[in-house]
Each structure stands twice: as C-alpha cells, then as structure tokens.
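Please find below a colleague's note on a single model. The points are meant to be read beside the coordinates.

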Amino acid sequence: MATRFPARPAEPESGFSLAECLLAVAVFSLGLLGAGALITERLKESRAAHSYFLAEMLAQDLVARIGANPSAAGGEELQSWQRQAAAALPGLQCEVTALGGAPPAYRVEMRWPAGAEDAGRRVLWVGR
C-alpha cells in the first residue's frame, strides 16, 4: 500500500527567470550605446570649438602684427606667420586683403579643414 502525503500549498517562487535577465541586459546595453553616442558627438563639437578658438586667436595675432607693421600684410612676414599658424591649425589657408582707408584696413580670411563632414570653416576679421 502506497502512502500518500498531503499536497503542500503552492509557495511563490523567488528569483528571476532567464527572460527577465536577458531583458534587463538588453535595456542596459541600449542605455550604454546611447551614452557612447552622446560622448562621441560632444567630443566632435569640442574639437570644432577648439579649432574656432585657435583660428580666432591666430586672426587676432595677425591683425595685431599688421596694425603694428602694415608691411606684415604681405611678403615674407606673412609667409612666416602662415607657417607658424599652419603648425597650430593644420591645413590652414589665409588670405589678407587690403581694404584701403586711413588708417588702412585689412580683411583676414582663414580657411581650414574641420573634418570629414565639414569642408572648411572661416573666420573673418577686419582690423584698422
């Protein structure tokens, strides 16, 4: 004769199922991907802002040199400055145009490659 034991009342199971764990890992991974994309985008913007800052400082330097010595707007002095500036901002091209007037005014136009998505940027500075 077999002995029958009374059925135990159903106890709630504790713990996580495999599906719940996989869902949590997927949600966490999507969050990390979003954070990585955001950081990458901010780094690109930071580099662009830095190149704008360098270009602005270089333009101010050239305008100050031209203001102190108008012959610096052309010739060997300008070429020397362009070599120094290209070392600070690779691919930099600079064009100085005399606007005339008294005291003479000059327009400084600078272009440089900013990245794969951007063909170039300009900073214009007019000094008197």
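The numbered points below go from the overall layout to the helices, the strands and the cysteines.

1. Basis. This is a predicted model, in which local features need pLDDT of at least 70 and side-chain atom pairs count only at pLDDT 80 or more, while totals for chains, interfaces and linings use all residues. Residues are numbered from 1 along each chain as its sequence is written, and side-chain values use heavy atoms, with hydrogens and water left out.

2. Layout. The chain has 2 helices and 3 strands, in the order α-α-β-β-β along the sequence. Both kinds of element are DSSP runs numbered from the N terminus: helices are H or I with at least four residues, strands are E with at least two.

3. Of the 128 residues in the chain, 20% are buried. Buried means under 20% relative accessible area, exposed means over 50%, and partly exposed lies in between (1.4 Å probe, protein chains only). Among contacts with a separation of 6 or more, 34% are between residues 24 or more positions apart; a contact means heavy atoms within 4.5 Å.

4. Helix pair. Helix 1 (residues 18–68) packs with helix 2 (residues 76–88) at an angle of about 165°, the axes being 11 Å apart. The pair is therefore roughly antiparallel. Angles over 145 degrees count as roughly antiparallel, under 35 as roughly parallel, 65 to 115 as roughly perpendicular and the rest as oblique. Axes are lines fitted to C-alpha atoms, for helices over the stretch in contact, and angles run from 0 to 180 degrees between N-to-C directions.

5. Crossing and contact residues. The crossing of helix 1 and helix 2 is right-handed, which by definition has the near helix turned clockwise from the far one by less than a right angle. Helix 1 contributes L54, L58, D61, L62 and R65 to the contact, and helix 2 contributes L78, W81, Q84, A85 and A88.

6. A85. This residue of helix 2 counts as buried because its relative accessibility is 1%. Leaving aside residues up to four places away in sequence, A85 touches L58 and L92. A85 and A55 are 30 residues apart in sequence, with their C-alpha atoms 8.7 Å apart.

7. T97 has R107 as its bridge partner, and G100 has A105. There are 4 residues between the strands, and G101 takes a positive phi near 95°. Strand 2 is mostly covered, with 6 of its 8 residues buried.

8. Cysteines. How many disulfides are there? The count is 0, a disulfide being a pair of cysteine sulfur atoms within 2.5 Å. C21 is partly exposed because its relative accessibility is 38%, whereas C94, at 15%, is buried.

How values were computed
Pairing = 2+ DSSP bridges.
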